[in-house]
Amino acid sequence: MLLDIIITGLINGSTYALLAIGFSLIFGVARIVNIAHTAFYMVASYCIYFVTHKLGYHPVLGMLAAVPVVTLLGLITYKLFIDPIREHEAAVLIGTIALAIALQEVMLIIFTGDYLSVPALIGGYFTIFDVKVFYQQLITFVAALIVLGALRLLLMKTRLGLAIRSTAEDREVANLMGMNESRVAMMTVGISIALAGFTGAVIVPLTIVEPFMWMHPLIMMMAVVVLGGLGSIKGSFVAAYILGFAEALVVFLIPMGAFLKGSVALSIMILVLLIRPEGLFGVAFEEER
Amino acid sequence: MDLIRFYFRKLFSIVKNEILVLPSRIVVFLFFVLLLVIPLLTKDPYLLRILILTSIFAIFAASWDLLSGFTGQMNFGHALFFGVGAYSAATLNQQVHIPPWGSIPLGALGAVLAGLIIGIPCLRLKGTYLALTTLAFPIILMGVVFAIPSITGGELGISGLDRLARSRVVNYYIAVLVMMVLCTIMWKITDSHVGIVFHSIREDEVAVRAAGINTTRYKLLAFCLSGFFAGISGGLYAHFMRIAGPSTLEVSMSFQVVIWSIFGGVVTIWGPIGAVFILFPLMEFFRFWPQFRMLMFAFVILLILLYMPEGLLPWIRDKIEHECPRCKIRNVATRKSCRVCAAEME
């Protein structure tokens, strides 16, 4: 039981961390509340399903293909629909909602609403203290940690990372210092959607693929971002594991827990916000930024 | 006799001098008249059903505008009010056997209570934080609804409520008249002293506080008012559909109202109403291609936003009416001089 909770919590937490950091990046740099973020995660899952079941290749190939495909799709839709209206915050908001609905409907038309699944990369499991641990769960967890580490290196050690961080801090001054703001925004959108695609790729063998699979992660991702503090990568990381473990605890310990998992996690978020309105690691925002 | 003639004259001059001078006012006038005479022209139950639902959702969208458009408190969980209104009306009707004319307002009071409960923690948050936090509330409530099926009916909801009225036409008149009255009230609220405070809270909250106005109280008032109107629409919906189910609390419901309002143009009240009257029947029209319905809906929104990011109806209004540069009164676009101060229009 305890080990089950730990495993589920770690996997959920890593998924939410990957998604939330991508969402945070776009929000920080381009000030876009990207509702369609998890829709790209769904599209990536479908890509892998398509490569493995329709074309008959190995899932790894599907995962390698999914990330660039989704990133390209994300960049094209960003350029076409979101970039021209970036100055109007409200319009961007419903633009991304409409985009998410459009992606969901396209997937619904192509693949129908059936529940689909993708085989694990390495089948089988080993047991610790009488608890089955599937190799796939281990792969997912390790892959998520590696990508999180790589992202941290990118943000902290490279020139691009410096540009992203400084644009997130203050857009106008970054622009004055000679950074091409719109190009940085474009790069960030690309990185962020690639992260969403990657999340879809590593998590897909553990979940069911269906057109509405983006709804629950979307809500949890937003809760993570708010709980950790908007724009704080470290905050998102910590908050993702808090909420991931909270969900796992509720599912395993409370009867009818599957219905209440979202409620309990979100209630934790609201309780924390009552004490710290800017989130766990957030900086209190000034009036205008 | 003279008195009647006097009032008739007065009415005539109001129509001539206040309504016929501006195309937007003519459109609103015709819209009201048309809605009232439609049952005389056709009794098609399907058409009436669409218009009833459209009216109910028009109240819902306008109430979102009252809160999020005017005070700028982005609410992503507006379905909470709708759901609470629907569920409390349904419970009152089923358990206590209160008829619809009592259960709907009482259900709306339940929604006001919900507004107070979520308003108090949310008032400490701003902007995007607020938007993302409010998204959580309907989902929390939905979890609770699923967890206690003995009271809420779980996935099936509470069904078998009393009808609003026996016939479809009477139902139609109830929904349309309630919509007209409530929307006029909302429009009047936004035009009043309170509405001006709402406006200024959106523009610059610190300045309003510096002017000695208790902004917290006004924001809470906005939450309550908006909750009340959304609760009434939820109650109407429950009694018209004769079921209050978990679909009233879904995320898509919250998103839908945001889409309607922003599409129609926020901070207007009439914008969201017009948008619902355009988009909801449009969705029914797309029924001919059921598979592509939502996809086409999404594309219509994306395309219109590309060209009119301020919303559809304000864009149209700016095309047919211009503001006088001197006295700031609106005129038909074809006029060369202002109708009030006779200044040159450029």
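Reader: Why is the passing of α4(B) over α12(B) called a right-handed crossing?

Author: A crossing is right-handed if the near helix is turned clockwise from the far one by less than a right angle, and left-handed if anticlockwise. α4(B) passes α12(B) in the clockwise sense, so the crossing is right-handed. The helices are DSSP runs (H or I, at least four residues), numbered from the N terminus. This is a predicted model, in which local features need pLDDT of at least 70 and side-chain atom pairs 80 or more, while totals for chains, interfaces and linings use all residues. Residues are numbered from 1 along each chain as its sequence is written, and chains are lettered from A and ligands numbered from 1 in the order written.

Reader: What makes α4(B) and α12(B) oblique to each other?

Author: Their angle is about 50 degrees, and their axes lie 7 Å apart. Axes are lines fitted to C-alpha atoms over the stretch in contact, and angles run from 0 to 180 degrees between N-to-C directions. Under 35 degrees is roughly parallel, over 145 roughly antiparallel, 65 to 115 roughly perpendicular, and the rest oblique. The pair is therefore oblique.

Reader: What makes a residue buried, and how many in chain B are?

Author: Buried means 20 or more other C-beta atoms within 10 Å of its own (exposed: 12 or fewer; partly exposed: in between; C-beta atoms placed from the backbone). Of the 346 residues in chain B, 45% are buried.

Methods. Helices (H or I, at least four residues) and strands (E, at least two) are DSSP runs, numbered from the N terminus.
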